[in-house]
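I opened a notebook page for this chain and wrote down what I looked up, one entry at a time.

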Amino acid sequence: MDELCSPEEPAARTQQIMARAAKQFDQLCGGASAVVKDFVRRVVQRVVVHPDRIEVEVGKQELRDTLTADPHASSVRPATHQLEQGMSDVIRLDIEARVKRCGGEMRLVFSPDHPGPTQAPASSLLKALARGRQWYEWVVAEEVSGPRAIAQRLGLNERYVGRVLECAFLAPDIVEAILDGRQPADLTFKKLTNRVPFSWTEQRRQLGFQPPHSRQ
């Protein structure tokens, strides 16, 4: 608020911006990717990736305009409150993180004390989960008879289909961790789909996950 509001601004206006900011936070955490992309395009001016950190520059005026916009009048640009002259027009955020190669893809890994996930969700793992669940539902609904039929239907390798299909039987806490980006940093698609055990305990041991009761 010190960055976005001037000292002479009414307290009620500041409280309104804080309430809008809290609502925006909830929307970003649980919203669709389109919501996140739209917000980022509007307020983020620049992102610089350093070896050990990421520097994000957020436009103060753009952020304030977004938080003070009338949600019921999306086609109308909000009245702009000009920030004080001489003030920096950006907020710089430093995030401890690094880019790491895992298997055949690059991943963004955050420091262990990061308040959110320690890394961004891996697209290859998310794709395996989604396909495994969808193909399992096809089998249950008797749309297909098994991996061979799925492979023929989609033009894929039968061995690949069989490996991915096993992801439908992962422990719920493993699935949740992957969706949240909390999987072990060395978990790759190849490791995830390498003869997944049916025992959830063995799955956690093989893939490097902690049992649910051991996490704080």
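Entry 1. In which sense do strand β1 and β2 pair, and over how many bridges? I looked it up in this predicted model: the two strands run antiparallel, and the pairing has five bridges. Strand β1 covers residues 44–49. I noted that β1 and β2 form a hairpin, with three residues between them.

Entry 2. Val56 is found in strand β2, and its bridge partner is Val47. I also checked Arg46, which is ten residues from Val56 in sequence, with a C-alpha to C-alpha distance of 6.0 Å. Is Val56 buried or exposed? Its relative accessible area is 13%, and the cut-off for buried is under 20%, so Val56 counts as buried. I listed its contacts, leaving aside neighbours within four places in sequence: Val44, Arg46, Val47, Ile91, Arg92, Leu93 and Ile95. As for the strand as a whole, β2 is mostly covered, with six of its seven residues buried.

Entry 3. Next I looked for open space. The largest pocket holds about 1,100 Å³. I found 25 residues lining this pocket, and those closest to its centre are Phe25, Leu28, Val36, Phe39 and Val40. Which elements give two or more residues to the lining? They are α1 (11–30), α2 (33–43), β2 (53–59), α3 (60–68) and β3 (90–102). I sorted the lining by residue type and got 19 nonpolar, four polar and two charged.

Entry 4. Met1 is 14 residues from Gln15 in sequence, and their C-alpha atoms are 9.3 Å apart in space.

Entry 5. I then checked backbone angles. Glu142 has a positive phi of about 60°, although it is not a glycine. Where is Glu142 found? It is in the loop between α4 (123–140) and α5 (147–154). Glu142 is exposed, at a relative accessible area of 71%. I wrote down Arg195 beside it, a residue other than glycine with a positive phi near 55°. Arg195 is found in the loop between α8 (189–192) and α9 (200–207). With a relative accessible area of 73%, Arg195 is exposed.

Entry 6. I stepped back to the whole chain. How many helices and strands does the chain have? I counted nine helices and four strands. Along the sequence the pattern reads α-α-β-β-α-β-β-α-α-α-α-α-α. The chain has 216 residues, and 33% of them count as buried. I also looked at contacts with a separation of 6 or more, and 58% of these are between residues 24 or more positions apart.

Entry 7. Last, I checked the confidence of the prediction. The mean pLDDT of the chain is 82, and 81% of the residues reach 70 or more. Over residues 72–80 the pLDDT is below 50, and this stretch has six contacts in the model beyond near neighbours in sequence. I marked residues 72–80 on my page with their pLDDT of below 50.

Terms used: Residues are numbered from 1 along each chain as its sequence is written. This is a predicted model: local features need pLDDT of at least 70, side-chain atom pairs count only at pLDDT 80 or more; totals for chains, interfaces and linings use all residues. Side-chain values use heavy atoms; hydrogens and water are left out. On a 1 Å grid over the protein atoms alone, a cavity is a set of points where a 1.4 Å probe fits but cannot get out, and a pocket is an open set with protein on both sides within 12 Å along at least five of seven lines; lining residues have an atom within 4 Å of a point. Grid points are joined across faces, edges and corners, and a volume is the space filled by probe spheres set on the points. Ala, Val, Leu, Ile, Met, Phe, Trp, Tyr, Cys and Pro count as nonpolar, Asp, Glu, Lys and Arg as charged, and the others, Gly among them, as polar. Buried means under 20% relative accessible area, exposed over 50%, partly exposed in between (1.4 Å probe, protein chains only). Two strands pair if DSSP finds at least two bridges between them. pLDDT is the predictor's confidence in each residue, from 0 to 100. Contact means heavy atoms within 4.5 Å.
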